[in-house]
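Have the model open as you read.

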Amino acid sequence: MKRYFIIFSILASIVLVSSCNKEDLSLNPNAAGPGSTIPLSLVFNRLGNELYYGGGVMDGNSGSASETPFSQVMRWNQYFVSNYDYYWSKNSYTWSNTATNYGMLKYVVLLDGQISKQLGTTPTPYAALSKFFRAYSLIWFTQRVGDIPASEAGNPDNLTPHFDSQHDVYKNSLALLDSANTVLAKFAQITPGSTIDGDIYGLTYLQWQKVINTYKLRVLISLSKRATDNADLSIAQQFATIVNNPDTYPIMTSTTDNLAYKYNAAYNQYPAYLNKAYNAYANVGKTYLDLTTANLDPRTFIVATPAPAQLTAGKVISDFSAYVGADPNTAQSQLFTEAANGLYSFNNFNRYFNTADGSSAEPYIIIGYPEMCFNIAEAINRGWVSGSAETWYKNGINASLAMYGITEGKSLTIADNTGKSLGTVTANLSDFLAKVAYAGDNETGLTQILQQKYVAMFHNSGFEAYYNWRRTGQPAFSQGGVGIGTSAYKIPVRWQYPVDEQVANAANYSSAIQSQYGGSDDVNATMWLLK
């Protein structure tokens, strides 16, 4: 498992330190210099970890938030709620300046430079995946703020890059993803089972192709609001081209193709395990549990405990109404008191807090098959591509259920928040599947697709749950109460630009704010993506 160890020092750029006896600056002998040859596998290793942790976290950038399970991001996704800020921080959406994820771009530039230095213009899998990581980095940033430095970003000779329009960032990023698929296809056709040295995910060339094209489907569906008024982007057409041409654009065919982070007890411990003493201070979110309990979803019994007060009142552990989510609208002090009185469900200790390597929990998916199924179902529902939305909708549900190990008639052990067994219940998939039977290619059917995608992304997929809510309004996130913490208690729809961008690139920043938002870097302003 040492292959997953995060390597930092070898990848450092030039580090300048003051001499003990002189005022001049000297090169750090322990860091790679500008002319050094660095193994491509080490740079790629670092990029893989940047993908998992999210923008700026590994580099300590301000405004960053880890996108891991049980992180602040998952509170903003309303999957769980903190009832005590000392241990789990606040639930409020009082964010301001974002990080950039240029940390990822920095290592893309380093990888490109090393490829050129070591291999010249010879096509390689590293070169193909460099395009994927570049696109991922730029899309990560633009969907948070709007226009960003993109085409000129990463050039050390240009410290004041101009801002590309969000339209152009997406257009060029989609082209990068297409090119990445084309280059990688050549290697996948020759040795489809081969893996890339330094890949912490252990995917084959073919599986990386699937990741790239599945991610592209995510990006295209995220553009649904601009699909009819931007003909040059060909959003619906590009989506249909991928789905209808699996030989040219292979996509995921099962959860074995997931881009999923692997934990281990030695180096990369499961995040919740590190906080296992504090399960009593976090509750399952109301937004999530209201959906699962209303639909008689057996995933309820996997992730949550019955609320203690409901059992005291005489309800049994198989009663879905005994599972009650905490509302982030509520003041945290009130949540603390009510949780202590047993009013809310806790996270299943045995599943999430019991193993250092995360083996008892579902895998942490960054880009995955269940989400892809729902994205295709949504595209069919919207008329972008032909096919059966119902089939893809069911595929997504079944893939998620399988990930939790749920089968018809399976005995599921129910525990309290300390892990003590309260008994067992029998999974009833028939009742659940009848409840969520697809209503057809209409608004009700679309709502079902979006809600089931939300349930399937529980504690995975980074900010995707929030981004889907922001784009579609589904599921209906809780807001309007004091717990949201913002003006008028509304959830923001964007972040402010990073402080360093405002200071170091002031003229271009000011121009971008004026052209997009009338001069105000407002977290409630609507970016091009959402108009």
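What do the buried residues of H12 pack against?

## Ground rules

This is a predicted model, where local features need pLDDT of at least 70, side-chain atom pairs count only at pLDDT 80 or more, and totals for chains, interfaces and linings use all residues. Residues are numbered from 1 along each chain as its sequence is written, and side-chain values use heavy atoms, with hydrogens and water left out.

## Helix H12

Back to that question: the buried residues of H12 pack against strand E3 (80–82), helix H3 (85–88) and strand E7 (282–284). Contact here means heavy atoms within 4.5 Å. Helices (H or I, at least four residues) and strands (E, at least two) are DSSP runs, numbered from the N terminus.

H12 itself covers residues 332–340, with Gln332, Leu335, Glu338 and Ala339 buried. They sit on the same side of H12 because they cover an arc of only 125° around the axis, taken from the directions from the helix axis to the C-beta atoms. Over on the other side, Ser333 and Ala340 are exposed. Buried is under 20% relative accessible area, exposed over 50%, partly exposed in between (1.4 Å probe, protein chains only). Just after H12, Gly342 takes a positive phi of about 80°.

## H7 against H14

Helix H7 (residues 205–222) packs on helix H14 (residues 369–381) at about 45°, with the axes 10 Å apart. Axes are lines fitted to C-alpha atoms, for helices over the stretch in contact, and angles run from 0 to 180 degrees between N-to-C directions.

From H7, Thr214, Leu217, Arg218 and Ile221 meet Glu371, Met372, Asn375, Ile376, Glu378 and Ala379 of H14.
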